[in-house]
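The following questions and answers examine one protein model step by step. Please keep the sequence and the structure in view while reading.

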Amino acid sequence: MVWKVFKKNKPPATSRMVLVNRQPPEELTEPPVMPRYTHNRIKTSKYTVLNFIPKNLFEQFRRIANFYFLCIAVIQLFIDSPVSPMTSILPLLFVVAVTAVKQGYEDWRRHREDNKVNNAPSRVLREGVVKDLRTRDIVVGDIVEIASNEQFPCDLLLLMSSDSEGKCSVTTANLDGETNLKTFFCPSETCYLTTIDDLWKLRAVIECQLPHANLYDFKGRVEVYRGDGGPIKASLSTENLLPRGARLKNTSTVYGVAIYTGEETKMALNSKMTGNKFSTVEKSMNHFLVFFLVLLVLEIVVCTVLKYEVYDDDTMSDMWYLGVPDNTTSTTSDVIQDSSSFLVIFNYIIPISLYVTLEMQKFLGAMFIGWDDDLMCKNTGERCKCNTSDLNEELGQVQYLFTDKTGTLTENCMNFRQCSVDGVKYVDVGGCIHTFDEDDNSRTFPLHTCPANLVTFLQTLALCHTVEASPKIKAAEPQTVEEDIELSNLWLEYQASSPDEKALVEACARYGVVFEGYIKGELRLSVKGHTKTFTRLQVLEFDSDRKCMSVVVQEESGKIWLLTKGAESSVLARCCDDTKQQRLHQATLNHINDYAMLGLRTLAVGRRELSLQQYTDFASQLTRAKQMLEDREAAVREVTERMEAELQLLGATGVEDLLQEGVQETLESLRVAGIKVWVLTGDKIETAVNIAFSCGHFKRFMKILYVNGLRDHDTARHRLAQCQEDITDDSFYGLVVDGASLQLLYGNLKEEFYQVCRRCTAVVCCRMSPRQKAETVRLVKKSKESPVCAAIGDGANDVSMIQEAHVGLGVMGKEGRQAVRCSDFAFARFRFLKKVLLVHGHWYYIRVSTLVQYSFYKNVAFITPQIFFAIWNAFSTQSIYESLALTMFNITFTSLPIIIYGLFDQNLPPELLLDRAELYRNNAKNSAMSWFNFFKWNCFALWHTCVMYFGLMFVCFDDTCGLPDAQTPDLGLFGTTLVSICVFVINLKLVLEVRYFTQFFFWSVIATLLGYAVVTLVYQGFLSDFFSNYGVYWSYYRMFQSSSIMLGSMLLGVVCLLPDLVVKVCDSFTDVRVEERRRKNKDSPVTLKYYISYVNEAFYPGEESNNWSTVTNGPRDEDTSLENKHRRENGAIVQSEAFTDKNKSTETGMHVGNRTFIENETAFSNVATSLSESWTSESTVI
């Protein structure tokens, strides 16, 4: 190994080199030395048979609680332990075993899926023939054959296609969820390949990027050697790379060379897990654990010191029966022994089962949100999806919601509505293109002739895109309206990565300019029945910096055109600025602003004629830029900036994106719930503001502040100061800010900007990049208040903010599934967010917080008697409990009911939580896990402990305490009785906390109490050397022999729970459900007439029997029902008004709610009560 010391370190590789067919070209005098690339095996599993036990144990004991109990168990093995080491070892083994089995099963399933993928058959070109191999045997440089509908086994560079044009159609739904077909192309220098023999003889060297996770970024170049001189070079891009997991469509066969394999494929790199998120409850729980650890150390120190103080006292000399030696000197080993012994008997103050119980509750509880039929989309059948169960309770703590607009608040279903061409407005009316009346813009009329400039505009839209056309059955012949405007019946089906592009191309087809597809290297258009062909020379893809895309085409006449469409801020800046164009610019810009006020998405369209020399120069510069591996984007952008200049403005388009159903009601409910909503969008300001008003994010009574168009820090600081002055506490404000201004504000004015935002009711951020969205979420998340932030979106551009937020929410929209895959929770519609947060989030938080508080409570109540007993036994470290109780208390005697509670309890009904969204505020800022509630729970625990211990001491004060044959109670009987009372009280304490009784919970309590009795009866009924249960033999039986102990135990249980019951009764007077019932009884008096009618119907039910709602509200005709339905649909709005003006409309806000239906006898008692209150006033009704 000495040679390694002197071996020179090679510089890290900056690119990857691949030899096609794994053979170097003969023209290379020095063939490159190829590194050993990774195999094509996919491994999602964590463990193997050999490393499962050590690796899993290592991971489990990295948890501080597990490591703590491991240390306790080890200490017990090496000291003279006051209790059996099994009291720590068995619970620890149980917790570790349960977790290991769960993780082992999950890993076994991953192994099984890995084997299916790795052993799948593939066809690889080897030795001139196509051979059948396993997928795992593919190596970099192999040429792989793929047939239609097959998945790509690794990342392949497309070399040859059965399509004559060297392209293929692919669906990438497994990667990003986009169901539309995408087109991939062979490099220009491999299009001549037609046979397998050509492929085998191909000698080429590919140089490309090192593996990375970006699905939409691939750069490289290929050098093809044909034996006639130097290599022929061609650039490579994303459209040449077939990613693993994608599926071939509409193409019979393709061949590609393996570039990235196994764990280096883009699919595998995108499967890497992001950093863990921790809920607010877990953070508070860790604080409580630290508190108890400090308390534990304090107890040990105090008891150890007191022990030596007591033993040095003269009174100990009279206690000869203890066997304390005289004149002994305490040594260090004695102190360590005593301290360790106190640690052993007091350590149970930390609940060993807390983590495993919490994990089981979260894992099982996460399934319920997926089973909720109200969260299932009726159109697609998609249910709510939980990608992580660690953040269930965080749904009940959200204070800020950051939402995308397109596809999240809107349908992302685009419809062409209006366009502006050469300063003239046109509008779509019933699928026909109309123009506005010059005298009255509210009137339109169909065109009799199609102007040439409109045809040019539509032709530009029909060419400037990357849409794919595929034929379908033609329903009928094209129709012609008036003279020469032909309407197509869309006998072609279009596939596009952008809904905007698809809407524009379909609109052009409706108006007679039909894009028929890319056929034999040419774009074919049908313009008013006449076929035109164009050669597509270049496609300059859209990017967020340029905010536009361009296509270079050549007419049959030889003219070359650069066609551009994009954001008006980008396209207008690239147009000529002569006088005529300036007037057109202003007119078009006015029309764009009009479209934005209507909530339409806008694009500007322009074109430029290029001479052959200009295009040749641009093409050569672009080719050189695309062949660069480093800084390719900057080089390409520099060339495109020169190409996309001096444009001639043609016009603009307005495309409608409809709001989703229930968006306004959802936003209103969230506002009432105390959640601040920020809309982060890439749309222009006017469009975003108009959508904000239409969806109810902005209100008409709000004053809207604008922070846009900032150019320097002084202007920005002055504008923020002005906003601060304008904002008063007696009004409502909305804030609008654009992306360019945000870039400036995030430099040195973050805090000032946030202070303005937090005083506004609603915020809209426009023209934002994905990075700015994440920065905005981080700005709020890292503020002094540290609010819980949620982010919701549907597209890949929302992934960064979804991952940045505390809770990431994905919408299963039309922009793919990348946001869904990267989110914590995902659902199909934005309106589902209302129930996810207000109902499930509320329940999850109450359940988990109660579970944590209860876990600490029960251990305090159980272990504190050990401290009291230490005083009675002169701090001799004698345990009051037998080993069985210490072992089984956490894992069996108290575990099942709290798990069932954590799964099924509903402290408030879902209808009430939805109707009264302000109830969500009750849990704000982690209120259930506050130190006040923590000490409240533990005060109850101390009360229960004192009553149980000292009460039982009082019961046993008599030497016989009612035992037969004048037997005296011993330590075994005392400890067994104390454990029995403790198990009974602790389980009934949870019964008092339950607000929604189910059969599961009822039987879990019964099973726990009976299980305790059976286990104790069996354990104490037989002597065992293994358990060393001599001290408690027959103690449980003797407990039943004493009437004093039995009666005292029952009374002590009642006294323990009496304060808890009193507190619950007092709380019930302010319980929201009681208030709701009182309000309904008050607002809906019962008349004697309806009472008699109801009684008759109850005893003699007919076809039209009345329920309680009929009695309390009288007959409800159709108008009344419709009115109630309308009030329910607008409940959130009513709540908002009630919440903002309590004195004026609180009663109105509370009146919204579902009615309770009560049957027969229960109804009678309620009727009688209400009747007694209203008898006098209603007597005239008889």
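Helices here are DSSP runs of H or I with at least four residues, and they are numbered from the N terminus. The model is a predicted one.

Q: In which helix is the place of Asn938?
A: Helices are numbered from the N terminus. The helix that runs over residues 931–955 is α29. The place of Asn938 is in helix α29.

Q: Why does Asn938 count as buried?
A: A residue is buried when its relative accessible area is under 20%. Leaving aside neighbours within four places in sequence, Asn938 is in contact with Phe292, Phe856 and Val860. Asn938 counts as buried because its relative accessible area is 9%.

Q: How many helices and strands does the secondary structure of the protein come to?
A: The protein has 1182 residues, of which 51% count as buried. Its accessible surface comes to about 55000 Å², with 56% belonging to carbon and sulfur atoms. The secondary structure comes to 40 helices and 37 strands.

Q: What percentage of the contacts with a separation of 6 or more do residues 24 or more positions apart account for?
A: A contact requires heavy atoms within 4.5 Å. Among the contacts in the protein with a separation of 6 or more, the share of residues 24 or more positions apart is 73%.

Q: Which helix gives the most to the lining of the second largest pocket?
A: This pocket has a volume of about 1200 Å³. Of the 39 residues that line it, the closest to its centre are Ile846, Asn907, Arg995, Lys1064 and Asp1067. The elements that each supply at least two lining residues are α25, α29, α30, α33 and α34. With 6 residues, the helix that gives the most is α33.

Q: How many nonpolar, polar and charged residues are in the lining of the second largest pocket?
A: Ala, Val, Leu, Ile, Met, Phe, Trp, Tyr, Cys and Pro count as nonpolar, Asp, Glu, Lys and Arg as charged, and the others as polar. By these classes, the lining of the second largest pocket has 14 nonpolar, 11 polar and 14 charged residues.

Q: Is Val467 buried or exposed?
A: The place of Val467 is in the loop between α11 and β20. Not counting residues up to four places away in sequence, Val467 touches Tyr494, Gln495, Ala496, Glu501, Lys502, Val505 and Phe515. Its relative accessible area is 2%. As this value is under 20%, Val467 is buried.

Q: How far apart in space are Val467 and Thr183, C-alpha to C-alpha?
A: In sequence, Val467 and Thr183 are 284 residues apart. Their C-alpha to C-alpha distance in space is 9.2 Å.

Q: Which residue with a positive phi follows α12?
A: Helix α12 has 12 residues and reaches 16 Å from its first C-alpha to its last, close to the 16 Å expected at 1.5 Å a residue. Among the buried residues of α12 are Asp500, Leu504 and Cys508. The helix is followed by a residue whose phi is positive, near 100°, namely Gly512.

Q: Is Asp422 buried, partly exposed or exposed?
A: Most residues other than glycine have a negative phi. Asp422 is not a glycine, although its phi is positive at about 55°. The place of Asp422 is in the loop between β16 and β17. Because its relative accessible area is 44%, Asp422 is partly exposed.

Q: Is Ala874 buried or exposed?
A: Ala874 lies in the loop between α25 and α26. The phi of Ala874 is near 60°, a positive value in a residue other than glycine. Because its relative accessibility is 13%, Ala874 counts as buried.

Terms used:
Residues numbered from 1 in each chain as written. Predicted model: local features only at pLDDT ≥ 70, side-chain atom pairs only at ≥ 80, totals over all residues. Heavy atoms only, no water. 1 Å grid on protein atoms, 1.4 Å probe; cavity = no way out; pocket = protein on both sides within 12 Å on 5 of 7 lines; lining within 4 Å. Points joined across faces, edges and corners; volume = space filled by probe spheres on them. Buried < 20%, exposed > 50% of the residue type's maximum accessible area, 1.4 Å probe, protein only. Areas by Shrake-Rupley, 256 points an atom, 1.4 Å probe, with all protein chains shown as cover. Expected span 1.5 Å × (residues − 1).
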